[in-house]
Every structure is written in C-alpha cells, then in structure tokens.
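Dear colleague,

Please find below the structure for your review. My notes on the findings follow directly after it.

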Protein chains: 2
Amino acid sequence: MTRKAQREVSQSDDAGRRKNRRGRGSPQERAAARPAPPSFRGLRNPYRPVEVISTDQVEAIHHASLTVLKEIGINVLLPEARDILAKAGADVGDDTRVRFEPGLIESAIATAPRRITLHARNPACTSEIGGDRVTVATVGGPPNVSDLDRGRRSGSLDAFEDFMRLTQAFDVIHVIGMPVEPMDIPIPFRHLETTFAGLTLTEKAPFIYSRGVDALNDAIEMVRIANGVSRDEMDSKPHCYTVVNANSPLQLDRPMSEGIITMARRGQAMVLTPFTLAGAMAPITVAGALTQQNAEALAGIALSQLVRPGAPVIYGGFTSNVDMKTGAPAFGTPEYTQAAMASGQLARRYGLPFRSSNTTASNAPDAQAAYESEMSLWGALMGGCNLLLHGAGWLEGGLTASLEKFIIDVEMLQMMAAFFRPFPVDDASLALEAMREVGPGGHYFGAAHTLARYESAFYSPLLSDWRNFETWQDSGSVDATRRANAIWKSTLADSQTPPMDPAVREELEAFVARRKTEGGANID
Amino acid sequence: MTRKAQREVSQSDDAGRRKNRRGRGSPQERAAARPAPPSFRGLRNPYRPVEVISTDQVEAIHHASLTVLKEIGINVLLPEARDILAKAGADVGDDTRVRFEPGLIESAIATAPRRITLHARNPACTSEIGGDRVTVATVGGPPNVSDLDRGRRSGSLDAFEDFMRLTQAFDVIHVIGMPVEPMDIPIPFRHLETTFAGLTLTEKAPFIYSRGVDALNDAIEMVRIANGVSRDEMDSKPHCYTVVNANSPLQLDRPMSEGIITMARRGQAMVLTPFTLAGAMAPITVAGALTQQNAEALAGIALSQLVRPGAPVIYGGFTSNVDMKTGAPAFGTPEYTQAAMASGQLARRYGLPFRSSNTTASNAPDAQAAYESEMSLWGALMGGCNLLLHGAGWLEGGLTASLEKFIIDVEMLQMMAAFFRPFPVDDASLALEAMREVGPGGHYFGAAHTLARYESAFYSPLLSDWRNFETWQDSGSVDATRRANAIWKSTLADSQTPPMDPAVREELEAFVARRKTEGGANID
C-alpha cells in the first residue's frame, strides 16, 4: 500500500504528527510520541521452511566447511584482523593465511545473537531480524539506473533520492539499501550524501557502506544524530547495518575486515555474505559452493564475535551459478533457489538470522525478470529468510537499479506478504450459514456473508490488471512494465518528506558540511 | 528440452525407432519395443509440501463439507445419477436435491485409488499420477488463441494442431490438454478432430471433453484404436482423462454427471474440480470456498466410486477469488496460492491424487503473467500437486491460449523440474579437493573438478537471456516475450510427427469419417 492511499485513512494521525513536530522535549521523546507512520508493515512468515537437504547433509556441509577452515584456511588481508584471530588461538603464519580449529569457530559463533532489533529513527519503523520475522531492503549496489523513459544511465544522487522516496512510500520495504551508486558524487563524500538522503527522505533504518573505518564512523555518527541517541546508546543498539562480502574464494580483504571490526565495536548490524558463484569463485557443485560459503561466513562471523561477543551479525547466503558457456553470472536459477533454501537450513543450524536476495539476470523488467525474481523470492522466503536484500529494483545481475522493476517487485512482495497472512478457519469463515442462504445454483454477490466482508476480503493489487480483455484493449493494451512506469511516477509525485526535527536536520547538515571541508573520508 | 536438441544426442534411438516401424508384430508389440521418445521426462517432487493450515483446520473443513452434503445437499440434474445415489442410500427427494449421510460419502470415497497409471500410446509417455509424481498438461478450454504476430483470434483446428506439436516437443509437458477450442469445426465433429489431432501429432495421453456419452465413447474408442488395445484392456486401464467441473455452487449438471458415470464405467481417469471463485460462486472466505469445493468434489468422487469402485479419480482444487470491485475473476493471487496448498492438504487427507493449475488473469504474456503464474505454480507444486492442468499457454483467466505464454510457461516448468532434482551432497560434490587445488583468491574455471562437470552442471535455459547488457542491447534489446515468439516458431518449424503404424492411422481416419457420416456426436 502506498503512503498516499494510507494518508487518506489516517488524517488524524497526520494532524497529530504535525502537532508533535511543533512540540517540545528531546528528539527521542518526540519520536516516541509520534504515531506509527503509514508506510511500514512488519512481516512474519507463519510457514515451516522448505528443506531441500536432510539434517545429515546439513551436518556434512558444516563439517566440510570446518575442514576447509582448518586445513586450507582463509586469507585475511588486514593485520589488525589477523592479530585478533591469533590472540583468540587461530593459526596465523608469516603470510596472510589464517587457519582455525573447529572448536575455535564453534565457540566464537556461539555468542552471536539469534535475533536483532534494528532501530529506526521513527520507532514504528524498527525491524526485528530473526525467528519468523521478514525484513525487506531495496536493491543495493548497482552503478546504473534505468527506466523506460530515460533508458539505462550512470547512477546519480538524484536517482538515489528518488529510490529513497519510493522506499519511504511502500510499507513492504522496511530498511534502506544502497539502491544506486551516485557516480556524480566524489567517493570521499559519497557516504555523507547517501546517508543524509536516506535519513532525511525516509524514516527507515539505513544501510551504510563498508568502505573503511572513516566512512563507517561518519555514517554511524549521522545515524546517531538522526536517532537522537547518545554515543553509548548508539553503540549498544543497532541503528544501521552493512554488508560484508568475502572476496571468494576464501579471502577477506582490508575494507571488509575493517567493516567487521568497526561494526562490531560500534554495535551495529552486519551481514556476512560470501559471493559464491558456483563454477567461478566457488566449486561448480551446489554442495561445494555452499561449503565454501559456509566456511567464509563462519570465519567472518567468528571475527565479529571475537571483537565483541554478541555483536549483531546475520548469516548471508548468495550462492548462484555462472552460465558455463559464457561465464556470465546467472540469478534466480533453480540452483539459486535450492542454495537459498539450503543456506536457510545452515543459518538455522547455527541459530543465526538468515539473509537472502531477490535477483534476476534479465536485462529488462520483463517476464524473465519476474519469473527469475519469483524463483529467488520463493527460495529466500520459503527458505526462512529473515533479511531480504535487493528486495525491490534489482535488474541485470545487480548492475542496474530499475524503477519499473522496483514496482514489479513491490507487487510481488505485497503478494508474498498477503500469502503470509494465514486465512482464518472458524465458524464464521467456514460459511455454512452463507451456503444455506445461497443454496445450490445461486450466487454469493449479494449474500450477507459477502457484504460484511467484501471491502477487505482479498489482496488488492498495486500493478496487476484484472480487467477483461476488451476493457484492457480499449484503454490501450498497456502491459505490466508500462503500468509500472506510471506507478513509480505517481508515487514520486505524491511522495512526502517525513517529518524531522529542524534542529536534528541542521546538525546533520553541519556534520556533512564539516566533513566535506575536511576532505571527506579516507577511502582505500 | 526440445525434441530437436535431444535428437542430436539420440540419433541411434531414432534409427532404432525407424527400424521398428518397419518391423512386424501387433501395434502393441511394436509400441512396447520402441525406444523411449525424447520428449517426455517424468517428474517427482522430492520436497515436503507446504502446509498452510493445521491438521485440525483440515478436519474442520472436512467436517463442515460433510455437514453441507448432509444438510444442504447438492442438485444432481441427471436422473440416472440420482438413481445411482439413491440406490446407495443417499436422500433423494422429489426434486433434484440429493443429501448424503457422512458415512455414505466416507465409505464411497474409500475405494478411490491413491495412484493412477495413465497409459499413453507410446509406453514411454505413460504417466503416474499420485504420490510424489507430477504430471503436467497444457492449457485447456480457451475459445481464443493469440500470438504477437496475429493478435487474439477465435480458436481453430490449425491452432489446436500447433499446440499439439508444441505438446509433443517439450519433455516437461506429459499429457494433452484441450489447448484451444477449434471454433471452425462444428460441435458434433469437434471431439473427433481434436482427438485425432492429439493422437496423431503426439504420443502423449489425451484429454477428452465431457460433452455427453456419445462424444466420450467416440473419443475413448479412438484412444483404444491408437493404443492398439482390446475393449476389455481399455476399460480396465486409464488411457485418457477428462475434467468434470461442478456447476458451483453445489450443482452437478447433466453432461458432467454423464461424464462421471461414463468415465467410471469405461475405467478412464477423471478429475473432479469444483470451480469455486470466492465471492461469486463460493463464499467470500477462503475457508468457506474450500468447504464448498470439498463438498462438491467429494460428492462427485462418491458418485464415481458408486458407479465403479476403484474408478480412477483425481481431487481437483480450483479455488480463486474475484475482484470484488468489478466481479472479474482473479488468478495467481495470494489467496489462490493458499487455497492450492490447502487443497493439497485436503486431497492427501483422503489419499487422493491432487490436481491444481498454472493460471493468471493477465491479458498479455508480460511480467504480470509471469509472476501470477509463478504464484500459481508454487502454490500447486509445493502444495503437492500430482496433475498440473493448464501447465502451459494459459492467459487472460483461461479465455486465451497464448503461444508466447506457452514458451514462458515451459521455461518456468523446466526450472521447477530442475529445482525438483535434489543436489548431491557427497565427498565429490563437497569439493574439498577442488578448494585445495584452487586455494584462496583463485578461480574455478580451469579446475579439474569444474572441467569434469561443466557441460551439465546447471540448468540451461530455453528462454532466459543471461548475456551482459551490452551484448543484449547490440542484438536488439529483445525482451522475453519477443524471444518466446521466436522460440515457438522455431519449435514448430523443427517439429516432427511421431511415428504411428499406418494401419492404426487408417483405422482412426475411417472411424472419424464414419462418425462424421453418421452426423457426429449428439451433444447437449
């Protein structure tokens, strides 16, 4: 549901919010008093995850990955990280290779929390990550942006801001991704501009890029300001998250190690996701790619816990495969779906929240994009995913953020959200009285049972067109992708900047200005 | 995989088949000696079905539907059917209403088989229906056909024949549907022409329409001739199937009752499928629509078993919902997905094979068609579906058979078939040796483990384009729907008529000619 639709049913809430903005008290008090915003709907998956491998097979992958970490080890490029690991008992030689005894890995990961509360500057947008909860982020990382009108082009801050407005508008998007790289902003300033845009254009918890200690601390400080919390409170509760990808195979580079260490020290959430493309950076078998994924994830998770036991960390699975004819990465493949579900089984074996993704290799927001994304979504969500990254907007293997695909994805996510609402089975819903009233050969349009429920009985689509063929044809035979184009435009046109205390906004602006004067962050 | 691709790897099989065609012996002996055709791949679903309701809720729907049958009853319009039911102990009054004691329903359905072997004229195309097996049919019933070149038009025998060629070509399609109505053939002759086309252009088991006793017996006789079996053997083994839809709510009309009785007497397979659109022909609640579906299905199944205990019958679920704003039927909705999975739970409660469908309300073979079909497919297949009707080609709520949608569906089905192949987890696939060989920071393209497996490691798509954006753009930025257009054309161009004994073909032709001379079938 968009913000506009919900505005119409919550005028009094809006009035309350406006009044609160003029009120007194600390930003925290004002935030706490603010009514729930309309554009956030927490999701729970009530169904038992699909298990594609047996418990014995989960154990076989677990033990194989411990063997990898013991016998092959991983390269850790940051000396500080090697020191932490050596101190904990890992086998660190003269080079960058680090090997782990199984007991060290198992005791280290045991301190990771089962569930993470990711606080947003509006408490109503705070997400729980773990258990049966499902938190959804936008696409993250594409250098390009595309839409039907302007085609594919380099990412920009303008485009980034549009994705922030869409993020704020749809209630099935819970946290910010890094939807597109603003290539028009110099790298040392980029984290300042994107964090500012995310914090001011949405009320949802932000993603921050792991590009070195400076940039992380800048972003964390901005999130602290926006949330109106003390440094101590910030460092004890996750208010933002990052993703740390191993350089598969079996390598953790400097910025990624810095990301783990900094986020752990600052108490912020991190997703440890090896990027294991079977046949390229990982073995060509799904079991082998999962073994490598698991080894890399466990090593990173262990590092986070050795820095700070209890650091909020999420097990990331991103095993897919390449097209062996061309080497091109493929996404939303049957192997991807299986790997996502098996990754969920592995994460649950360790009691860790599980991250997966909504992906496609399609170059256009077309039928292929839809069916590959559905294969990803079902793999992720019925695999027990707790944090769905790239939830909306991913196209072209992650190289492009598509505005039309964003809308198609929101529709698919809304449908999954409705699927996650179990239907009631009780005397009223079993409808014996209605069947008695209507009888054989009748119809239910006018039945009392129908009239009492018809307004909210079924999922109401954002994008799907259910009109008959003639009506659809008379109105121009507009297909789903072209309808999505109209929907993102109207959503942007109707978008509202969420309230923020002017003093907080000024403090953020001053921080950005100061850091720019200082030359921004030192990026590797 | 298409026939062409597989022809290239099975030249010797083809040579064997040609030789057999020139051999001696009865048609049966020759059929049995023929090698497996390339275009049939049996599917098993190795995963535990998703359960969207509890066992107690399944029982609540079961008991509510028995209450419906006892207290409200159903209208049975065919006197012969009422006589059969009355003789078995049902409460049949002066009108058409029939009421059933729960014990009568439960004892009658207890004789239905758990599993059905549906024999095809080529034994290699024989399907098992039940257990973990998944049998897929094309779309059935649309009065219209469409493709990108010619647009939407009335169905014709030419179009029907093209769909038969596509049915034969793709190995994930196991049985014939009635893909499009040949509106250019007079109704009394239509079953003769479609059955002839199906039997001669494919080797797969045919669907026959339930349009009265005459037409059913004509079609069954043609299937008997094509299979080269005696009347006794025909009547003891299913060689074709039909679908009997209740006239929801709670009504079984004459042709449908005749269908149940005739198919049971002739030992042929039937699918009992109420068409329960929640809010229109069924209560607006999913639980209520399922209760009505279950009551209607159980009544029809009971009739089949009272005619002939052990008659091959399949539990059909087709509960969806209407758009309450317009009354338009919707398909592939979240409610549809839930209802499909719950229907599977009901079918398994009775130990019956379960039929579901691949549906969409979209008017174009676009992204909406893809994601609604995926929601249907996942609901059906993870709901434990044994017979997937409308598997390929359904568009526009079933009013149009689309050639492009057929190809999109085949791709989605092939992906599900690959998802259904569990990946091995053993020493070789865990790939420790490969990881030792490649080591941290390397890549797997040239590894021995990769080279030994790269040709068949992953699903190879029919329709998906995984090339990078620049290559895709340079070759015309062709989207999935337009690629599907090229694929159905090349598949038709490459299609081969499967072998048939000339004497059998002559016998079929003579039968059709005679029945036409006699005026065809007496259709109500």
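Helices (H or I, at least four residues) and strands (E, at least two) are taken as DSSP runs and numbered from the N terminus. On that basis, chain A contains 21 helices and 20 strands.

This is a predicted model, in which local features need pLDDT of at least 70, side-chain atom pairs count only at pLDDT 80 or more, and totals for chains, interfaces and linings use all residues. Residues are numbered from 1 along each chain as its sequence is written, while chains are lettered from A and ligands numbered from 1 in the order in which they are written.

Confidence. The pLDDT is the predictor's confidence in each residue, from 0 to 100. Its mean for chain A is 93, with 93% of the residues at 70 or more. Residues 3-24 of chain A, however, have pLDDT below 50, and this stretch makes 22 contacts in the model beyond near neighbours in sequence; a contact requires C-beta atoms, placed from the backbone, within 7 Å. For the complex, the predictor gives an ipTM of 0.93 and a pTM of 0.94.

Overall fold. The radius of gyration of chain A, taken over C-alpha atoms, is 24 Å, which agrees with the value near 24 Å for a compact globule of 524 residues (the rule being 2.2 Å times the number of residues to the power 0.38). Of these 524 residues, 60% are buried, that is, have 20 or more other C-beta atoms, placed from the backbone, within 10 Å of their own.

A buried strand. In chain A, strand β17 (residues 354-357) is covered on both faces: A:Phe354 and A:Ser356 are buried on one side, A:Arg355 and A:Ser357 on the other. Strands pair if DSSP finds at least two bridges between them. Strand β14 (residues 313-316) of chain A runs parallel to β17(A), with 2 bridges, and A:Gly316 has A:Arg355 as its bridge partner. Strand β18 (residues 387-389) of chain A is also parallel to β17(A), through 3 bridges; here A:Ser356 is partnered by A:Leu388.

The two chains. The contact draws 102 residues from chain A and 102 residues from chain B. On the side of chain B, helix α14 (residues 367-381) supplies the largest share, 9 residues.

With kind regards

Notes: Contact = placed C-beta atoms within 7 Å. Buried ≥ 20, exposed ≤ 12 C-beta atoms within 10 Å, placed from the backbone.
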